[in-house]
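Hi there,

Here is the structure I promised to pass on. Have a look at it first, and then read my notes below.

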Amino acid sequence: MSKYFTKAGQTVIGGIDPNDEPRFAKIVYQNRGLLTLDPILAATFQGKQFFFSDAFTLAATSDHKDYVFQTPNSTKWAHLVWRGTGSAITTFEVIEDTMLTTSDFTSTDSLTVFNNNRNSTATADCRIWPVDNTVDYSTDSGTTIFEIASGAATNQSRTPASGTYADEVFLKSNTMYRFSFSTASASNLCNILLQWHEHTNES
């Protein structure tokens with residue numbers, strides 16, 4: 001007889017765990033339903049969920065601000081959602097396979113990211129880099145996968161710009177993504193929020 005069998009009152013779902021033991025479903029006994037975890041919550045429990053945020057001002061209409069998000073050269077994929085906002089007229093873009101290189105970064109040190117599970121010491125494999133604001137990216141040959149232009153010159157913050165993609169995007173491995181802000185209004189208060197979990201591809 002196979003070693004994998006159910007006992008009274010138990011149900012096996014999902015095969016076996018890394019220790020070659022049955023993986024049991026958890027039952028909520030109050031309503032006899034299955035206990036399931038949202039993928040992001042599950043990743044947080046495992047210390048695999050990370051986030052980065054920043055706030056800055058685009059003082060003049062010629063100003064722009066860019067960040068490069070770099071994925072690792074591995075089978076570990078970043079499942080990313082993002083949000084970029086501006087208090088006035090703002091263009092927010094995400095460019096895949098950006099032409100920018102490490103020589104365009106303002107520092108050899110990547111920016112600090114945080115683990116959603118503040119009890120975990122795990123660190124992200126993805127890196128985020130600040131881009132020199134004098135870099136000319138007008139000829140960037142990368143692919144724009146997201147773009148939004150919104151906001152108003154008057155009643156700033158009452159009619160702000162907001163570019164959000166809440167569905168997880170599975171980013172390509174070993175790839176640089178540029179997150180870009182530009183403004184058509186002076187004194188534009190902008191924010192960026194990146195949230196992702198890193199998960200080895202099991203497909």
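In what order do the 5 strands of the open sheet run? The order is β9-β5-β14-β7-β12, with antiparallel pairing. Strands here are DSSP runs (E, at least two residues), numbered from the N terminus, and two of them pair if DSSP finds at least two bridges between them. At the edges sit β9 (114-115) and β12 (161-170), each pairing on one side only. β5 and β14 are joined by 10 antiparallel bridges, and Phe51 stands opposite Gln195 of β14.

Before you go on: this is a predicted model, where local features need pLDDT of at least 70 and side-chain atom pairs pLDDT 80 or more, while totals for chains, interfaces and linings use all residues. Residues are numbered from 1 along each chain as its sequence is written, and side-chain values use heavy atoms, without hydrogens and water.

Next, the nonpolar cores (sets of buried Ala, Val, Leu, Ile, Met, Phe, Trp, Tyr and Cys residues joined through side-chain atoms within 4.5 Å). The largest has 24 residues, and Phe69, Leu80, Trp82, Phe179, Leu194 and Trp196 touch the most other members. Among the strands that each supply at least two of its residues are β5 (49-58), β7 (76-86) and β14 (188-200). A second, separate core of 7 residues includes Val68 and Phe105.

Finally, look at His79 in β7.

Enjoy exploring!

Definitions and conventions: Buried < 20%, exposed > 50% of the residue type's maximum accessible area, 1.4 Å probe, protein only. Helix = DSSP H or I, 4+ residues; strand = E, 2+ residues; numbered from the N terminus.
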